[in-house]
Amino acid sequence: MAKQPYHRQNLAAAIAQQARIQLENEGATQLSLRQIARFLAVTPAAVYRHFPDKASLLAQLRTDIVAEITAALREGVLDSADAKAMLQRMVTNLLDYARAHPNAVAFSLTGPLPVPQSLQTVVTLLAAQQQVTTPVEQVTPAIWTFLLGVLLRLPFTEIDEAWVTAQLLALLGG
């Protein structure tokens, strides 16, 4: 068997990819830099050159996951001009992502998640279309907080997208 060269291009990306696999399969607490080094057939020092500790690797993973969640929220939302349909699509996207990546979502919820701009935009459109008088800057954080609460329940409770959307519309006053 030919020995792989010690210096590899994109080792940081390979480390992050393997860490993501471990996170998805076993959760963040089981993530091990030494185990990642063994899997990638490099020394632990090579891993530590890219990520000085587990916390720095977890921070990178969390940044990536939050970006994925934000992108998932936006996917296909602009396919409709109706803000209610946009909101329903966002809810569906978020729940689909959470069902596909429960450990990643659970890990992302260990820190603050800012209200995504796409959600603010949809809530603003929805408020305008439904002539809601409640200030959007007050209701949007409540809607996001409710969605985060839904994500916390999701691994343990089956949640219907229509019910979530109805609750969000009620928060909006519609």
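Q: In what hand does α7 pass α8?
A: The crossing of α7 with α8 is right-handed. A crossing is right-handed if the near helix is turned clockwise from the far one by less than a right angle, and left-handed if anticlockwise. The model is predicted: local features need pLDDT of at least 70, side-chain atom pairs count only at pLDDT 80 or more, and totals for chains, interfaces and linings use all residues. Residues are numbered from 1 along each chain as its sequence is written, and side-chain values use heavy atoms, with hydrogens and water left out.

Q: Why are α7 and α8 called oblique to each other?
A: Helix α7 (residues 117-129) and helix α8 (residues 136-153) pack at about 125 degrees, their axes 10 Å apart. Angles under 35 degrees count as roughly parallel, over 145 as roughly antiparallel, 65 to 115 as roughly perpendicular and the rest as oblique. The pair is therefore oblique. Axes here are lines fitted to C-alpha atoms, for helices over the stretch in contact, and angles run from 0 to 180 degrees between N-to-C directions. Helices are DSSP runs (H or I, at least four residues), numbered from the N terminus.

Q: Which residues in α7 and α8 meet?
A: On α7, they are Leu119, Gln120, Val123, Thr124 and Ala127. On α8, they are Val136, Val139, Thr140, Ile143, Trp144 and Leu147. Contact means heavy atoms within 4.5 Å. The residues of this contact divide into eight nonpolar, three polar and no charged. Ala, Val, Leu, Ile, Met, Phe, Trp, Tyr, Cys and Pro count as nonpolar, Asp, Glu, Lys and Arg as charged, and the others, Gly among them, as polar.

Q: What makes α5 and α7 roughly antiparallel?
A: Their axes come within 8 Å and cross at roughly 150 degrees. That angle falls in the antiparallel class, so α5 and α7 count as roughly antiparallel. This crossing is left-handed. Ala83, Lys84, Met86, Leu87 and Met90 in α5 meet Ser118, Leu119, Val122, Leu125, Leu126 and Gln129 in α7. The residues of the contact divide into eight nonpolar, two polar and one charged.

Q: Which residues touch the most other members of the largest nonpolar core?
A: They are Ile15, Ile36, Leu57, Leu119, Leu147 and Val164, in a core of 56 residues. Helix α5 (residues 83-100) gives the most to this core, with nine residues. A nonpolar core is a set of buried Ala, Val, Leu, Ile, Met, Phe, Trp, Tyr and Cys residues joined through side-chain atoms within 4.5 Å. Beyond four places in sequence, Val164 touches Val91, Leu95, Phe146, Leu147, Val150 and Ile159.

Q: How do you know whether Ala81 is buried or exposed?
A: Its relative accessibility is 67%, so Ala81 counts as exposed. Ala81 lies in the loop between α4 (54-74) and α5. Leaving aside neighbours within four places in sequence, Ala81 is in contact with Met86 and Gln129.

Q: What is the phi of Gln131?
A: Phi of Gln131 is near 50 degrees, a positive value in a residue other than glycine. Gln131 lies in the loop between α7 and α8. With a relative accessible area of 70%, Gln131 is exposed.

Methods: Helices (H or I, at least four residues) and strands (E, at least two) are DSSP runs, numbered from the N terminus. Buried means under 20% relative accessible area, exposed over 50%, partly exposed in between (1.4 Å probe, protein chains only).
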